[in-house]
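Reader: I have a structure to look at and I want to talk about the spaces in it. Can we go through them one by one?

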Amino acid sequence: MTGIVFQKITVMFLILAAGILCCRWKLIDEEGNRKLSNLLLLLVNPVVIFVSYQMEYDSRLIRNLILAFLLGLLCFALQIAVCSLLIPAGGKSGLLTRKKENKNYQIERLCAVYSNCGFIGIPLINSLFGREGVFYLTGYLTIFYLFLWTHGVILMTGKADRRTTIKNLCSPAIIGVLLGVFCFAFQILLPDTVVEALSSIGSMNTPLAMLVAGAALGQTSLRSCVGNARIYYVSMIRLLIIPFCLILLFQFLPLSPVLLLTTLIAASCPVGACCTMFALTYGKDGAYASQIFTVTTLLCIVTIPFVVAAAGIVGIG
């Protein structure tokens, strides 16, 4: 399993490198990358999620989907607790921040909690486990969006805006989940031709996601990330500490290995691109969020296979 994960991530990173080159060669500019990102978020990702539900009814799948929702809740509760402990408000008692106040603790917590489980998680899990894996991943993604647009907004603003939160929860990914669940529950199976067309759109997910991520990295100066020890501290929390806390927990859960590994991989992904968007939207340091995104995205080619290998050692998968 570790070898397969490493192979798939290597393929993804080769496409990511192509995205960096496209940015450097001016084939994809900032506006073009924003449009590609919107295409991915508003069309391709929801289609991949919806198609994953186009299968015959199976009580085992329903049971595991419900468990996926519960695992998602457990994961985010644990992640928020760990980040609150290791990145305290103001940072006065946190590691690497004892001598001065850390004004970026909100960004750091957001980056440590919210992974790139959509852009990187969907193509990776789809490659490893196919529709069944993506089917379970939708449970985690649903909880991800629920927490991002509630806890995430409150974290960045210090207050809750009910109207904005409700509006943001009506995202294409959530709509894709709801439509998919409805069709699965009532066994509304689309004609093969339609499913094939949708699957063709969904097949763009991996290359498009990696090109977008690569173009985003191409707009960031890696030199500015190298000397900041704090970035590596947050990266360690996101890529290693949180996944290993989950491994310790998951080894005691007698659940489907595919379900557990899908959830673990989703929680082991690098920082989500949404964190940079949130930082810019709410007047925080967007450049700092982008730097953490860059470092974790580059490091995950090593950390994700390492996490999967560790899970295998303790009997998960």
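Reader: Let's start inside. By class, which residues make up the lining of the largest cavity?
Author: The lining of the largest cavity has 7 nonpolar, no polar and no charged residues. Here Ala, Val, Leu, Ile, Met, Phe, Trp, Tyr, Cys and Pro count as nonpolar, Asp, Glu, Lys and Arg as charged, and the others, Gly among them, as polar.

Reader: Which residues line the largest cavity?
Author: Ile9, Met12, Phe13, Ile120, Leu124, Cys300 and Ile304. A cavity is a set of points on a 1 Å grid over the protein atoms alone where a 1.4 Å probe fits but cannot get out, and a lining residue has an atom within 4 Å of a point.

Reader: Where did these numbers come from?
Author: This is a predicted model, in which local features need pLDDT of at least 70 and side-chain atom pairs count only at pLDDT 80 or more, while totals for chains, interfaces and linings use all residues. Residues are numbered from 1 along each chain as its sequence is written, and side-chain values use heavy atoms, with hydrogens and water left out.

Reader: What volume does the largest cavity have?
Author: About 40 Å³. A volume is the space filled by probe spheres set on the grid points, which are joined across faces, edges and corners.

Reader: How many cavities of 30 Å³ or more are there?
Author: The count is 1.

Reader: Which element gives the most to the lining of the largest cavity?
Author: α1, with 3 residues. α1 (2-24) and α14 (286-313) each supply at least two. Helices are DSSP runs (H or I, at least four residues), numbered from the N terminus.

Reader: Now pockets. How much space lies in the largest pocket?
Author: About 1,200 Å³. A pocket is an open set of points with protein on both sides within 12 Å along at least five of seven lines.

Reader: What lines the largest pocket?
Author: There are 41 lining residues, and Ser37, Leu41, Ala273, Cys274 and Met277 lie nearest the centre of the pocket. By class, 21 are nonpolar, 16 polar and 4 charged. α2 gives the most, with 9 residues.

Reader: And how much space is in the second largest pocket?
Author: About 170 Å³. Its lining includes Val47, Asn126, Arg131 and Ser203. The elements giving two or more residues to that lining are α2, α5 and α8 (192-202).

Reader: Which of them gives the most?
Author: α2, with 4 residues. By class, the lining of the second largest pocket has 5 nonpolar, 5 polar and 1 charged residues.
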